[in-house]
Amino acid sequence: MTVTHLPTEKILDLYTRMLRIRRFEEMVGKLFAQGQLPGFVHLYIGEEAVGAGVCAALRDDDYITSTHRGHGHVIAKGGDFNRMMAELFGRQTGYCKGKGGSMHIADFEIGMLGACGIVGGGLGVATGAGLSAWYRGTDQVSVAFFGDGAANEGSFHEALNLASTLKLPVIFVCENNQYGEFTPAIHAMNITDIAQRAAGYGIPGVIVDGTDALAVYPAAAAAVQRARQGHGPTLLEAKTHRRGGHAEGEIAFLAGQDYRLPEEVQAAAASDPVIRLHTYIVEQGLIPPPQLETLDQDITGSVAAAVEFARTSPEPEIASIYEDTWV
Amino acid sequence: MARKTYIAAINEALFEEMRRDPMVLLIGEDVRIGVFAGTRGLHKEFGDKRVLDTPISELAVAGAGVGAAATGLRPVVDLMFGTFLYLAFDQIANQAGAMRYMFGGQTRLPLVYMVQNGTGASAGHHHSQSVHQFFMNMPLIKVIMPATPYDVKGLLKAAIRDDNPVIFLNHLALGGQRGEVPDEEYLIPIGQGEIKRSGSHVTVCSVGLMVHHSLKAAKELEKEGIDVEVIDLRTLKPWDEALVLHSVAKTGRFVAVDEGHMVCGAASEWAATVAEKAFHDLKAPVKRVTSKPVPIPFSPKLEKAVVPSPEEIADAVRQVLGTRVPA
């Protein structure tokens, strides 16, 4: 772990955001396995340090756009468990009234401009939010989260070029979990560091250990400061791992085909960001373990309450299919 | 009241709306210089920030329009040619065209994509297509294609004030068209068609350049004692179904004329609606006149032959009147 001089309060903030994501996602995985959730689900487990580290450097009025693996971003930005879980159940009380689902959760009140089912689909929108902040003369910033797969989309290159040319306050955060769906990133690009591509747009390209929240946070804070001060975008590449697969239940539709080496799976387990930060906090004696235990219990209780909220929430009325269309 | 060109009317609409609302900005390729003169002079009055030249990156610029509209701006995104919208398809179909609904009504998107559309310049396939039918299939996108200077000004102002995404198609061949444009401010409601020529024997429905071809056909048919009613829908989505059905109730005959293709095209939509909802008013089967199912050829002679001509329209009218035996 990065040796840090961050105040304990900040470290606890990072840990809380990460643990909230972890416990929520564990529950979602369980519910999916039980056949309780419709649709597709992509869990953020293993990548928590990225969303938490970046969002801890943001204000409530800053913007983010997200990916198909977006639950973690919503939670890291301050999203509400109940409305998220209800959306995953397709209920009326969900963030999108049951019209979005796992890959389309948004919370505009906290600047979360939406998860996105299209790889690379959020970069242009984040650039536009940055343009909006610049135009209105605020010092808000905008963050586009995306994966290594999106770095090979035209939208990545167009957005980085546009944002850097106009010097917009946008931070491009690449969560390099080393797999685009089931294909290793090394089979999809001729370089190993996506951050190198920043040079092509004349902006800083920064690599951080995306399993180390104490490394992600200061790197994100520096990029955010740069953007707020009007110096333009940064490409921040966080090297990380998916603890699970691409999608829950994938073993069934892959008919048992394996695509990851056992040593990779072990490496991912060994670098688990939540365990790493927990260990650091305990070893450094920053927070008494009982307090961490209480925090965990509180979060676990909130997740359970969210499931109850979702289950007891009504399904949307059929008539609502014609609502939220034209203004 | 003065006679002005179609392009001058576009220009006036942009000036007036940008003066009225500081949140209106123009972004796109060569908007400062104003390739088609529609945006000319705006940069001088409104400066770099509000008349923003972008790289040739349709996907990112279209996406930036979404992000800007979702966060308080009212962008007019000029992507030059209708065919260039294909490069931006993802952001229009998956983001602009769904965001409000997908996120349960959390946002509104006051956003105009403005392009030149259609034939008339012998510019070859990549600069001459009619793209409206693709966007008519996106449920939350409004589609407008005005045929006169009066209509283009009133509708562009209405489109800019609308809180929904609009595809605004200026017809490439009509830029130099002159017509009366009032000095005082006016708006034309989106979705309202207009009877451009009143008649009693047959209803001809069209938009854009085809309105002018239909009017020519009507003039020719007048010599044969045939009285044609020409409807200009002006807005392709939502389209003025009531106006068409009312007209067909009067004439009992319907010819749909469109510069797009027949398969899943605008003319087919109108014809199907009339056949379905006005069957008992019809004295003859409906008739569609559309472009031939080929790419747009370059040769002026061939280009002209691909799109419906006044002669073809007149022939279709004669057919539904039974004054001509079908070939």
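This is a predicted model: local features need pLDDT of at least 70, side-chain atom pairs count only at pLDDT 80 or more; totals for chains, interfaces and linings use all residues.
Student: What makes chain A agree with a compact globule?
Tutor: Its radius of gyration. For 327 residues, a compact globule would have a value near 20 Å, and chain A has 19 Å, so the two agree. The C-alpha atoms fill a box of roughly 55 × 50 × 40 Å along the principal axes.

Student: How many residues of chain A count as buried, as a percentage?
Tutor: 57% of the 327. Each of those has under 20% relative accessible area, because that is the cut-off for buried.

Student: What are the helix and strand counts of chain A?
Tutor: Chain A has 11 helices and 7 strands.

Student: How do you know which residues of chain B are in contact with chain A?
Tutor: Contact requires heavy atoms within 4.5 Å. By that rule, 45 residues of chain B are in contact with 40 residues of chain A.

Student: What is the area buried between chain B and chain A?
Tutor: About 3400 Å², with carbon and sulfur atoms giving 68%. In chain B, B:Thr71, B:Tyr101 and B:Gln106 lose the most area to chain A, together 19% of what that side buries.

Student: Which element of chain B gives the most to the side that touches chain A?
Tutor: H3(B), with 10 residues. By class, that side of chain B has 22 nonpolar, 13 polar and 10 charged residues.

Note on methods. Residues are numbered from 1 along each chain as its sequence is written. Chains are lettered from A and ligands numbered from 1 in the order in which they are written. Side-chain values use heavy atoms; hydrogens and water are left out. Buried area is the accessible area (1.4 Å probe) that two parts lose on being put together, summed over both. Helices (H or I, at least four residues) and strands (E, at least two) are DSSP runs, numbered from the N terminus. Ala, Val, Leu, Ile, Met, Phe, Trp, Tyr, Cys and Pro count as nonpolar, Asp, Glu, Lys and Arg as charged, and the others, Gly among them, as polar. The radius of gyration is taken over C-alpha atoms; the globule rule is 2.2 Å times the number of residues to the power 0.38. Buried means under 20% relative accessible area, exposed over 50%, partly exposed in between (1.4 Å probe, protein chains only).
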